[in-house]
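Hi,

Here is the model I promised to pass on. Please have a look, and my notes follow below.

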Amino acid sequence: MLRFKTFSILSSAMMVLLLIMVVSLLWGQYPIDFHTFMGYLEFKLLGGSGNDTYTLLDNIILQIRLPRVLLAILIGSSLAVSGAAFQAMFVNPLVSPGILGVLAGASFGAALGMLISEQWYVVQLLAFIFGFVAVGVAVLIGGMVSNSRSTIMLVLGGVISGSLFTALLSVIKYMADPYSTLPAIVYWLMGSLTMADLHGVLIVSIPMILSILGMVALSKYFDLLSLGDEEAKALGVNVPLIRFLAIVLATLASSLSVVMAGMIGWVGLIIPHIIRMAVGPSHRLLIPLSAIVGAIFLLLADTVSRLALSVEIPIGILTSLIGIPVFIIVLKNARAAWN
Amino acid sequence: MELNPIITVNDLHFSYPKQSVLEGVDFTLNHGEIVSLLGPNGCGKSTLIRLILKLIHPNQGEIWLDNKTINRYSHREIAKHIAYIPQYNNVPFNYSVLEMVMMGRVAKHGFFAAPSAKDKEVAHESLHRIGIDDLAQRPFGQLSGGQKQMVLLARALTQQVNTFIMDEPVSGLDYGNQIRLLKLISQLSTQGYTFLKTTHYPDHALMVSSRVVVMNGGKIIANGKPEEVITSSMIRDVYGIDADLISHNRHTWCIPTFNKGIV
């Protein structure tokens with residue numbers, strides 16, 4: 001019964017995601033009708049005689065729209081799942097990759113990488129390392145002031161950690177070449193999916209998907225860890241191992257999202273909350289559903305902004321504009337459960 | 001009755017950086033017993049329990065569980081021998097009672113295995129044994145203190161072990177629920193379960209214990225049958241108040257004495 005419910009919720013969410021994906025591939029400055037799309041799909045999958053339209057579609061779909069769609073899905077998933085994982089790990093419904101300073105740390109790391117190296121993997125590695133350092137700083141500060149499991153202290157620790165790395169990021173910006181590197185850094189940090197290219201997306205998708213799957217695999221332990229360390233240990237959970245794995249995976253997934261598209265805030269905070277309100281807090285459903293709904297949210301936001309507005313608004317700005325009011329509503333509704 | 005030790009503690013010492021908590025504790029828990037750990041706040045009761053569960057590590061001394069030192073057990077293996085029932089506290093995420101109870105099964109699974117239909121069956125059966133089937137779909141956070149404690153006891157049953165360790169099981173419960181919980185412990189004990197529980201109430205120790213261990217200042221100062229250990233002089237030494245021990249209906253009750261109004 002429980003399994004059937006889980007399965008049907010996840011598969012319906014997946015259908016919605018697929019539908020939005022198709023819509024997003026078809027609509028845009030150059031609309032493609034469904035019939036042409038199916039023909040193109042048949043041509044791509046089964047071969048056959050192509051024509052000039054298909055060459056044009058290759059350009060529009062494969063080169064422009066598909067990378068962007070895939071990136072939105074990957075990043076939405078990564079951020080939402082990481083947020084849910086961080087909330088369980090720290091037994092704290094108010095944390096997220098953004099609030100813990102991971103996004104700021106990863107931004108600093110990635111900017112540092114852009115400054116000192118041309119190599120893509122250096123940028124990714126530094127983003128991950130400083131994302132991880134940023135969580136460490138947040139936890140240290142949160143724990144230094146109070147030993148107990150304090151929700152607010154960890155949030156404040158994250159605020160301090162985030163500010164620290166934002167300041168360090170400003171140093172990098174100050175040192176960057178104002179005509180080339182600086183504008184690149186600034187525009188990238190605003191959070192944008194426009195720079196996606198298929199090759200880059202496919203490369204980064206491997207560690208991202210592995211991190212998400214890893215967190216889904218660990219999800220049954222997240223329920224136990226949210227009871228507190230001692231209770232989880234007494235029930236037989238290897239708490240240090242699970243916590244370490246989960247923090248590494250969540251940091252990796254959210255840091256890579258920063259490398260690919262800059263700082264996209266709020267997704268990691270609001271999506272798990274909305275899902276918890278809808279289907280309950282059990283992480284065996286919450287984590288995989290966060291992955292799908294996070295993807296739906298970001299893809300939808302990107303598609304709508306692409307269609308509705310003549311100018312491109314960086315997606316990071318858009319998610320903040322949507323996320324803040326949603327979070328205020330969530331806060332109001334969920335306050336009772338936290339006390 | 002032949003004594004069959006489950007847990008044996010030898011010369012256990014534990015201290016925090018600035019404070020010594022346990023100073024040489026020897027203790028045994030035998031099969032079929034209900035042992036009440038009695039003592040004032042800060043005497044080291046909870047510390048002893050946490051050491052036995054390997055939640056903290058001793059500075060000196062040894063803990064044996066079924067003839068193996070506890071250092072050779074993982075938490076998972078300990079959970080296959082002992083079920084721990086903590087004082088209920090608030091969980092930030094509002095799990096249903098059934099979800100909460102099923103968490104007791106985690107030590108039985110493979111690392112990545114999902115809970116099975118059997119786990120669910122065991123959970124329902126445990127709820128039934130405690131008599132709280134009707135709570136299964138309720139959110140844990142919205143239960144009363146007594147109900148929460150019953151749910152944690154049901155969760156312990158799903159671990160399918162014979163030894164239960166309870167930390168202040170009745171704290172925060174109203175009078176009726178306190179007595180109901182003690183009855184439940186005594187019922188389960190007749191079904192072959194062994195209990196080690198800490199308590200603040202000499203009365204409760206007299207009511208439901210086969211043995212009472214009194215701790216004070218990090219040491220065990222008395223250990224034996226409830227009626228023999230809980231005496232007026234022990235109460236005065238440990239708690240600093242006067243109390244009379246009165247026998248009624250083949251049962252001993254501990255009643256504090258009030259000489260000049262409220263003590």
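Contact here means heavy atoms within 4.5 Å. On that basis, 34 residues of chain A are in contact with 31 residues of chain B. This is a predicted model, where local features need pLDDT of at least 70 and side-chain atom pairs count only at pLDDT 80 or more, while totals for chains, interfaces and linings use all residues. Residues are numbered from 1 along each chain as its sequence is written, chains are lettered from A and ligands numbered from 1 in the order in which they are written, and side-chain values use heavy atoms, with hydrogens and water left out.

The area buried between the two chains (accessible area, 1.4 Å probe, lost on being put together and summed over both) is about 2,800 Å², with 62% given by carbon and sulfur atoms. In chain A, K220(A), E230(A) and L235(A) lose the most area to chain B, together 21% of what that side buries.

The rule finds two salt bridges across the interface, a salt bridge being a side-chain nitrogen of Lys or Arg within 4 Å of a carboxyl oxygen of Asp or Glu. E230(A) also turns up here, as its side chain meets that of R50(B) in a salt bridge (2.7 Å, N to O).

Chain B has an open sheet of four strands, ordered β2-β1-β4-β5 with antiparallel pairing; strands (E, at least two residues) are DSSP runs, numbered from the N terminus, and two of them pair if DSSP finds at least two bridges between them. β2 (19–30) and β5 (68–69) of chain B are at the edges with a single partner strand each, so one side of each has no neighbour in the sheet.

Best wishes
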